[in-house]
Amino acid sequence: MNKIKNNILRTFFAVILFTAFSCDEGGDPNPGGTNTQQFAGDWFIDLTDSDGNAVVGHALHSTYNTSANNNTMWIDDHENGYVIKCKITINSNGTFSATDSENILDSGTVTITEGKIEKGAALSKAGHRVDKISFRAHFSYDAEGYDILYSGHKRTGFLEDEY
């Protein structure tokens with residue numbers, strides 16, 4: 001009986017050890033990043049029209065990688081601003097643009113010019129040094145030819161910087 005008990009205990013401990021050590025991934029567990037990660041994030045952006053009239057203040061936008069993981073990103077206002085979600089092409093120096101990019105949240109297309117993300121060029125609401133974003137967007141359905149001017153700063157996540 002003792003022999004059976006010892007065999008059961010040995011088997012039990014063998015299973016425990018096997019389970020504990022068989023979960024090792026091996027290799028490099030760091031998955032890396034995306035091609036555009038240095039420009040991705042959330043932004044508080046003020047919008048004005050071509051005449052300088054305020055359209056929306058401190059609208060939360062996001063920039064994030066596309067599934068292609070190349071030099072394209074999404075700009076998305078989550079319907080907080082002028083209703084924009086389109087792909088942009090971004091360069092390593094932070095300049096970006098789009099020509100007749102499909103606006104997924106609204107009808108038509110968007111052309112973005114003068115786009116740039118500048119590292120450490122803005123101040124948050126509470127005075128923290130953050131990245132700045134600015135661009136000019138023209139929506140195809142706007143027959144008047146107005147552009148919307150976007151200018152804002154990166155979201156810090158600090159409570160004192162929220163709008």
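Reply: Let's begin with a network: salt bridges link Asp 42, Arg 155 and Glu 162. A salt bridge here is a side-chain nitrogen of Lys or Arg within 4 Å of a carboxyl oxygen of Asp or Glu. This is a predicted model, where local features need pLDDT of at least 70, side-chain atom pairs count only at pLDDT 80 or more, and totals for chains, interfaces and linings use all residues. Residues are numbered from 1 along each chain as its sequence is written, and side-chain values use heavy atoms, with hydrogens and water left out.

Me: How many salt bridges does the structure hold?

Reply: Side chains of opposite charge can pair when their charged atoms come close. In this model there are 6 salt bridges.

Me: Which residue forms a salt bridge with Glu 114?

Reply: Its partner is Arg 136, at 3.5 Å from N to O. Glu 114 sits in strand β6 (residues 109-123) and Arg 136 in strand β7 (residues 129-139), so this pair links distant parts of the chain, 22 residues apart. Strands (E, at least two residues) are DSSP runs, numbered from the N terminus.

Me: Is Glu 114 buried or exposed?

Reply: Buried means under 20% relative accessible area, exposed over 50%, and partly exposed in between (1.4 Å probe, protein chains only). Glu 114 is exposed at 58%, while Arg 136 is partly exposed at 24%.

Me: Which Asp forms a salt bridge with Arg 136?

Reply: That is Asp 147, with the closest N and O atoms 3.2 Å apart. Asp 147 lies in the loop between β7 and β8 (148-154) and Arg 136 in β7, so the pair ties together parts 11 residues apart in sequence. Asp 147 is buried, with a relative accessible area of 15%.

Me: Now the core. Which residues have the most contacts inside the largest nonpolar core?

Reply: A nonpolar core is a set of buried Ala, Val, Leu, Ile, Met, Phe, Trp, Tyr and Cys residues joined through side-chain atoms within 4.5 Å. The largest one has 22 residues, and Ile 112 and Tyr 150 have the most contacts inside it. Strand β7 gives the most to this core, with 4 residues.

Me: What does Tyr 150 touch?

Reply: Contact means heavy atoms within 4.5 Å. Leaving out residues up to four places away in sequence, Tyr 150 touches several residues, including Ile 45, Leu 47, His 61, Ile 133 and Phe 135.
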